[in-house]
Amino acid sequence: MALASAALEDPGRLPREREAALRWALGLARIRRFGGIDLEPLLARFRDEVVRTLGPVLGSGRVDLDAAAMLAPVLAARAAVELARLGELPLDRAALEEEIRQKKLVLALGGGGGTAWVHLGAFRLLEEEGLRPALIAGASMGAVLGLLRARSAVYDQGQVVHTVRSLRLSTIFRSGAAEGRYGLPGALRLRLPSEVLPGAEEGLRFSDLPIPLVVAITGLRKEELPRPVSFYRRLLPANLFARRRILPRSWQALAEAASELVRTRGLLALRVGGVGGTTELDPLDAVGFSCALPGLIQYEVPEDPRRQRSIGRLLEAHGIGWLLDGGLTDNVPARAAWQAVQEGTIGSRNALILALDGFSPRLSSGIWIPLQRIARENVRRSLEYAHAVVTYSRTLSPTEILPSLGGLIRAIDLGRSQLAHQMPLVRKLTSPLPPLPHVASTRVRMAV
């Protein structure tokens, strides 16, 4: 990342071939395991050499592109030797080279109610650039939009806008808390039947999605619930939709309750989807619980034995009693995305994780600042796993859960324009490197 960023800031200083040579060496040194073979001991000496050689050049705060250019021929030649040595092992040489040459795009979509609609602008810009995500991870409203994107390999903005415009708050929400089996009560009961998200037919599983999806959910052990269940049922007025204005003290009470939950020892960050034992879950249920902020939004699984068994097994596997909003523990799930990549979800461990955050605290947020501050701490920890981050400074209001057509267009424009400054870096890193023999031979000629 440091090398690519510096090359963009000072174009022409580092020849493309030499940049490619350095990225080849870094890519090969990064590999620990491939094709079921442990390459750690075989590449340990080469890795140490790369770190020792490039560490002072790339990791000192200021990248020395002139020094990097001088080192490129030597490291390219060394990478070629190591690659030839690995070719003697029973592994797919072409697949190994592809692992190094091609970095796949992975998105981590933050939640935050209506602020998340800016993600549609990011989807549009990436599609215009011919960049399609190999995996999407989302939390809360980011999970909703992640599911909309994951339903098709090709992004059709017109279809998505049509889908959103066909929805009504009265269809998605019912007023008044109810007894819950898997989630805590909330003033609004969220409904996500298949007709709410067209194309999400009954029986849909994570494994059916054209783009792998990971959803962040928060689990809570029943014995660690800090308040009686009835407390969350009464936290906000039951007739929330009928009120023109919610008193600030009600939102303050909601933020205090969320903060209390975050401090609870029994809280656990979960990720479902991707690979593993959660792929049989219905994505609608995962998304529903990822949006379930106690006291405000309640989600429950429909009366479907298969879906209820799947959720029951999830709770039993982790020893938890309640499923809550994913934003309480991982509001921009870059770490969840990284873990899914490492587990082999996209068939490669060479990924560019692009994190999109629209819920960071800012002065215009008003009553939402306390909830944004809660999210900020877990976001900060998770973003250590992201390679590029876009923190949106302009979004719709968190309360615009279903914006007007004008609001939706504005959100798309905001998302597109604010991602644009990162696109040169994203394009550079997701463009395939030339084959190493070409790079290495060019290095030698240039060195001579």
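The expected span here is 1.5 Å times one less than the number of residues. Before I go on, this is a predicted model, so local features need pLDDT of at least 70, side-chain atom pairs count only at pLDDT 80 or more, and totals for chains, interfaces and linings use all residues. Residues are numbered from 1 along each chain as its sequence is written, and side-chain values use heavy atoms, with hydrogens and water left out.

When I say helix or strand, I'm talking about DSSP runs, H or I of at least four residues for helices and E of at least two for strands, numbered from the N terminus.

Back to H2. It is mostly covered, with 11 of its 15 residues buried. Buried means under 20% relative accessible area, exposed is over 50%, and partly exposed is in between, with a 1.4 Å probe and protein chains only. The buried set includes Trp24, Leu22 and Leu28, and also the charged residues Arg18, Glu19 and Arg23.

Now on to H3, residues 40-58. What would a straight helix of 19 residues span? That would be 27 Å at 1.5 Å a residue, but H3 spans only 23 Å between its end C-alpha atoms. There is also a bend in H3, about 30° at Phe46. That bend is the angle between axes fitted to the seven residues ending there and the seven starting there.

Phe46 is itself one of the buried residues of H3, along with Leu43, Arg47, Glu49, Val50, Leu54, Val57 and Leu58. What do they pack against? Helix H1 (2-9), helix H2 (16-30) and helix H4 (65-86).

Arg47 sits in H3, and it counts as buried because its relative accessibility is 9%. Setting aside residues up to four places away in sequence, Arg47 touches Ala29, Ile31, Arg32 and Glu40, where contact means heavy atoms within 4.5 Å. Where does its side chain go? A polar atom of the Arg47 side chain lies 2.8 Å from the backbone oxygen of Ala29, and the side chain also reaches the backbone oxygen of Ile31 at 3.0 Å. For these polar contacts, the rule is a pair of N or O atoms within 3.5 Å; within protein, one must be able to donate a hydrogen and the other to accept it, and residues adjacent in sequence count only if both atoms are side-chain atoms. Ala29, by the way, is one of the buried residues of H2.

Next up, the sheet. It is an open sheet of 3 strands in the order S5-S6-S9, with mixed pairing. The edges are S5 (173-175) and S9 (295-299), each pairing on one side only. From one strand to the next, the twist averages 30°, using axes fitted to C-alpha atoms, with angles from 0 to 180 degrees between N-to-C directions.

As a reminder, strands of a sheet pair through backbone hydrogen bonds, either parallel or antiparallel. Two strands count as paired if DSSP finds at least two bridges between them. S5 and S6 (residues 186-190) are antiparallel over 3 bridges. Phe173 has Leu190 as its bridge partner in S6, and Ser175 stands opposite Leu188. S6 is mostly covered: 4 of its 5 residues are buried.

Over in S9 we find Gln298, which counts as buried because its relative accessibility is 2%. Its side chain has a polar atom 2.9 Å from the backbone oxygen of Ala178 and one 3.3 Å from the backbone nitrogen of Gly186. Gln298 also touches a run of others beyond four places in sequence, among them Leu184, Pro185, Leu188 and Leu190.

Last stop, Asp325. Is it buried or exposed? Buried, because its relative accessible area is 8%, and this in the loop between strand S10 (322-324) and helix H14 (327-330). The Asp325 side chain reaches the backbone nitrogen of Gly327 at 2.6 Å. Leaving out neighbours within four places, its contacts include Ser140, Thr218, Phe289 and Cys291. And the C-alpha atoms of Asp325 and Ala139, 186 residues apart along the chain, are separated by 7.8 Å.

That's it from me, so over to you.
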